[in-house]
Amino acid sequence: MRCTIFILAVLHWAATATHAQNWLAQPSPTGFDISCAVIYVDSNEVALVQRVAQLLQHDIQQITGRTPAIRHHLQKNDSLVVFIGTATQSELIRKIARQQRINTTVLNNQWEAYLVRHVQNPLPG
């Protein structure tokens, strides 16, 4: 899968919810158009992380007027994806970390922490 993603590894929903509106309102230096993205969250994530995905979806809708889909499985035509999850529960985030495309160790032993990274073509296919 050839796509561009942002990875948002969340250990606590408040960390993301607090910054989501500022993040969405800023022009992206990478050219990532958040209004065209879908939101991916692993179905194995706890309810709190699932809620973070819903809150981000709502923020995007409030700012852009478009409601992005929340997916638990990626589709081939998903070219812009926001991954939301924990470094311990999300299989796709762990897979990308094992490929050394992102460094999730900066989140270890943190109470409220998040990681935002732009990764080109993170998944094969």
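Which residues make up the largest nonpolar core? In this predicted model, local features need pLDDT of at least 70 and side-chain atom pairs count only at pLDDT 80 or more, while totals for chains, interfaces and linings use all residues. Residues are numbered from 1 along each chain as its sequence is written, and side-chain values use heavy atoms, with hydrogens and water left out.

**Nonpolar cores**

- The largest nonpolar core has 12 residues in all: Ile34, Ala37, Ile39, Val41, Val49, Val52, Ala53, Leu56, Ile60, Leu80, Val82 and Ile84.
- A nonpolar core here is a set of buried Ala, Val, Leu, Ile, Met, Phe, Trp, Tyr and Cys residues joined through side-chain atoms within 4.5 Å, where buried means under 20% relative accessible area with a 1.4 Å probe, protein chains only.
- At least two residues of this core come from each of E2, helix H2 (47-64) and E4; helices (H or I, at least four residues) and strands (E, at least two) are DSSP runs, numbered from the N terminus.
- H2 gives the largest share of this core, 5 residues.
- A second, separate core of 9 residues has Val38, Ile96, Ile102 and Val119 among its members.

**Around Ala53**

- Beyond its neighbours within four places in sequence, Ala53 is in contact (heavy atoms within 4.5 Å) with Ile39, Val41, Ile70 and Ile84.

**The aromatic pair**

- There is 1 aromatic pair, counted when ring centres of Phe, Tyr and Trp (its six-membered ring) lie within 6.5 Å; planes under 30 degrees apart are stacked, over 60 edge-to-face and the rest tilted.
- Tyr40 and Phe83 form this tilted pair, with 5.0 Å centre to centre and 45° between the planes.
- Tyr40 is in strand E2 (residues 38-41) and Phe83 in strand E4 (residues 80-85), so the pair ties together parts 43 residues apart in sequence.
- Tyr40 counts as buried at 4% relative accessibility, and Phe83 counts as buried at 0%.

Terms used
Buried < 20%, exposed > 50% of the residue type's maximum accessible area, 1.4 Å probe, protein only.
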